[in-house]
Amino acid sequence: MGKIAIPLLQIQNCERKWYALKDRKLRTPVKGQILLEMDIIWNPIRAAIRTFTPRELKYMQIDPKFKRRIFMNSYARLRGFLLVLVQIRDYVQSCFDWDSPMRSIFAFLLFIIFVYFFHIHHIPIIILLFFLRPHKIKYLEPNRNENNNKPISESDEEIEMSGQSSSSSSIRERFNTLQDTMAKVQDMMDFTASLLERIRNTFNFTQPYLSTLAIVTLSIVTILLYFVPLRWIIMIWGINKFTKKLRNPNLIPNNELLDFLSRVPSNNEIRIYKEFTVQEVRDNVQINNGGNKVNK
C-alpha cells in the first residue's frame, strides 16, 4: 500500500478528500489513494502556550548511521546559507572600503542615525520588519548541488566495515569510532540546516498560524521593552529560571525559542507533507511500469 503524512493545521473539518499514497519514506507517490474525512477541535490560545513547550519525544527511534547522500544533502543546505552570509560580509566590507562612494556615504549616515536613536525595544521591531517583505526569503543555491536535494532512496551509500579476516581489531575499532563520529557530525549538520530553514520558513509564512503567533509575541515584547525597564525584565526572567525546579521538581529544562522553531516545518518536512495530485500519481506509476518493462 502506502503512507501519508498530514499536518493537523491543514485539516479542513467535515471535508472529504482524496489523498495520494506515498512510499515508505513519504517522498514519491505510489499507486493507490485513500478517502479521508477528519475533524480537529483545538483551542488557539492553549495551542499557542503549548507551542513554547518541548515537543513529545519519539521513543521508537533508529540509531543514526552515516550515509554519504544525507551528509552531502546537509552540506548543500548549509552551504546555501553560508553563501548568503559571505555575500552580506562582502557587501558590508565594500561599504568600509568605499568601493561605491554613494553607497558608503549612505551606509555611514544610516549607521550614525541608527546608533544615535537606537533603543532596546527597536530589536523586535527590526525582526518584525522581515515579516513585511513582499517576497519570500531565499538563499542562493548553486545548480551543481541540485542533485543533492533529491529524495533519499533506499540505496543510500553507507560506510560499512570490511569483512576481511586479516584486518586487526584495532583497525575495526578505529573504523567504528570514525563511523560514530561522522554520524554525529551528520546529525549536527542536519540539525543546523533544519534550524536555519525553520527560521526562514517562519518569515515566509509557511505555517501561517505560527508566523502570526511570532508576530504577536514580538509585538508584546516590543511593548514590554518600551514601558518596562530592561533590568526588571531580566530580573523577572532570572527569578523564573531559578525557581522553575522549586515549583516543579520534574520539570524538563527547555529553551522556548527552540521549542517554537521545532514546530515550524523544515524543507524536508515540507517535502514529506506535500500532496500529490492524481495525475502526478499516474505519471509516476507509468514511469515505474516503463522502467520495469525495460528491465525485463
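The model is predicted, with local features needing pLDDT of at least 70 and side-chain atom pairs pLDDT 80 or more, while totals for chains, interfaces and linings use all residues. Residues are numbered from 1 along each chain as its sequence is written, and side-chain values use heavy atoms, leaving out hydrogens and water.

R198 is placed in helix α5, residues 169–203 (helices are DSSP runs of H or I with at least four residues, strands are E runs of at least two, and both are numbered from the N terminus). The side chain of R198 also reaches the backbone oxygen of S262 at 3.2 Å. R198 is buried at 13% relative accessible area, where buried means under 20%, exposed over 50% and partly exposed in between, using a 1.4 Å probe and protein chains only.

## Salt bridges

The count of salt bridges comes to eight, each being a side-chain nitrogen of Lys or Arg within 4 Å of a carboxyl oxygen of Asp or Glu. One of them joins E269 and R198 at 3.4 Å, N to O; E269 lies in helix α9 and R198 in helix α5, so the pair ties together parts that are 71 residues apart in sequence.

Another salt bridge, at 2.9 Å from N to O, is formed by the side chains of K17 and E275. K17 is partly exposed at 29% relative accessibility, and E275 is partly exposed at 38%.

Technical notes: Polar contact = N/O pair within 3.5 Å; in protein donor to acceptor, adjacent residues only side chain to side chain.
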